[in-house]
Amino acid sequence: MTVDVARVRGQVPALGDGWVHLDAPAGMQVPEQVATAVSSALRAPVSPPGSVFPASQRGGAIVDAARRAVADLVGADPKGVVLGASAASLLERLADTLSSQWSLGDEVVVSRLDDRANVLPWTRACSRAGTAVRWAEVDIETCELPSWQYDDLLGERTRVVTVTAACGHLGTRTEIAAIARKVHALPAPASGIEPLMVVDASAAAPYLPLDLETMGADVMVLSAAAWGGPSVGALVFRQPELLDRLPAVSFDAAARGPERLEVGDAPVALLAGLAASVDHLAELDDRARGSRRDRVLTSMSSLRAHHDELTTYLVQELRYLPGVTVIGDPARRIPTVAFVVAGRTAQEVAERVADRGVCVLIDPGDQGALEVIGGAEIGGVVKIGLAHYTSRADVNALLEALSRM
């Protein structure tokens, strides 16, 4: 099966601005059905869940629908889906909650490939709890994260291993399942608190079919804006019962399940858009059939094949252009690419291609793998990402703009 890019483009009103949008790593443009779902929820009488009148029941139904949608996206139980304002805020909350169970000398493993949003919450929590931070390093030539190094990083004091499923700066995909097997093979600690594998799938979810069980993630974090949804995030627990064993942060003392990690009233209108955005993903391949979970898997597999072909073409053509250097050469990647142009800063390149109607992102190169390879020292890097609506014509527009520099 294939994705009809022209049909998908027709569902995204923002593309009518005439620009070539290769800025997907900052969040994809919003499909019409997502915008309609949010605006419809704002117009309807909706109140926070928990009461018996219709507006409250409507609010409860929207929250439940959002949990089911996220669960269908990653193959999980809706009872394990925590909803929040953003992936970053949820990671901060998770790190704070888990750190209350750590002891002096415990260890948390983070990686140089991760975004700050999945590093700083853990390093800050470690600093407060007296817990050690151990770093998984990046191969500076390929920009891959070798899984073999975790043999030396893991030990009996490991409490959390957190890693990205795909790097939103370079496109590198990590060997999540291989790392997870190493984490879950650790002997049971004397404290009885088993180490958790926390996976940031924010950059991967827009491009890959995800399965929580197969990947071996104990907790997965998602950002709906990454695939054209509203600005909300989700934490997904593979074992929902774990939620009731964690310290609660809810203002409601009687909260159970995912509500224990949710603070304040749910953003109901945005959650209506979240459910609609997963429906949009399920419909990317209009020949997909079956349950929403089945349609998500089919559509994302079709999308992956389309993006693999387009990314291969993009990278090959970029490497042919004089003065252009593509950063990294991972064996597995999502359609996000970082590059530099000799003699020009990232700001200058972005300005020149914008003159020809192409949107690209400027990455200062001061974090993660880009910091390790000295991205900030060369004036940053240019970052681009393909979206569900990206066509070969869009890629050619970028290549043409660069060739005229």
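Predicted model: local features only at pLDDT ≥ 70, side-chain atom pairs only at ≥ 80, totals over all residues.
Student: What makes threonine 390 count as buried?

Tutor: Buried means under 20% relative accessible area. Threonine 390 has a relative accessible area of 0%, so it is buried. This residue is found in the loop between strand E13 (381-385) and helix H13 (392-403).

Student: What is threonine 390 in contact with, leaving aside its neighbours within four places in sequence?

Tutor: Contact requires heavy atoms within 4.5 Å. With those neighbours left aside, threonine 390 is in contact with Val5, His21, Leu22, His306, Leu310 and Val395.

Student: Why is serine 391 called buried at 17% relative accessibility?

Tutor: The cut-off is under 20%. Serine 391 is at 17%, and therefore counts as buried. Serine 391 also lies in the loop between E13 and H13.

Student: How do you know whether the length of helix H2 (residues 32-43) is close to the expected one?

Tutor: The expected span is 1.5 Å times one less than the number of residues. H2 has twelve residues, and the distance from its first C-alpha to its last is 16 Å, close to the expected 16 Å.

Student: Which residues of H2 are buried, and what puts them on the same side?

Tutor: Val34, Ala37, Val38 and Ala41 are buried in H2. They cover an arc of only 95 degrees around the axis, so they are on the same side of H2. An α-helix has 3.6 residues a turn, so residues three or four places apart point the same way. The cover over the buried residues of H2 includes helix H3 (54-74) and helix H9 (268-282).

Student: Why is strand E5 (residues 158-164) described as largely enclosed?

Tutor: Seven of the seven residues of E5 are buried, so the strand is largely enclosed by the rest of the structure.

Student: How do you know that E5 pairs with strand E3 (residues 107-111)?

Tutor: Pairing takes at least two bridges. E3 and E5 have three bridges, in the parallel sense. Valine 108 stands opposite valine 160 in E5. E5 is also joined to strand E6 (residues 196-200) by five bridges, and these two run parallel. There, valine 161 stands opposite methionine 197 in E6.

Student: What makes strand E7 (residues 219-223) mostly covered?

Tutor: Five of its five residues are buried. Both faces of E7 are covered, with Val219, Val221 and Ser223 buried on one side and Met220 and Leu222 on the other. In a regular strand the side chains alternate between the two faces of the sheet.

Student: In which sense does E7 pair with E6, and in which with strand E8 (residues 233-237)?

Tutor: E6 and E7 pair in the parallel sense over three bridges, with aspartate 200 opposite valine 221 in E7. E7 and E8 run antiparallel and are joined by five bridges. Serine 223 stands opposite glycine 233 in E8.

Student: Why is glycine 233 called buried?

Tutor: Its relative accessible area is 2%, against a cut-off of under 20%, so glycine 233 is buried. Leaving aside its neighbours within four places in sequence, glycine 233 has contacts that include Val82, Leu83, Gly84, Leu222 and Ser223.

Technical notes: Residues numbered from 1 in each chain as written. Heavy atoms only, no water. Helix = DSSP H or I, 4+ residues; strand = E, 2+ residues; numbered from the N terminus. Buried < 20%, exposed > 50% of the residue type's maximum accessible area, 1.4 Å probe, protein only. Arc of directions from axis to C-beta.
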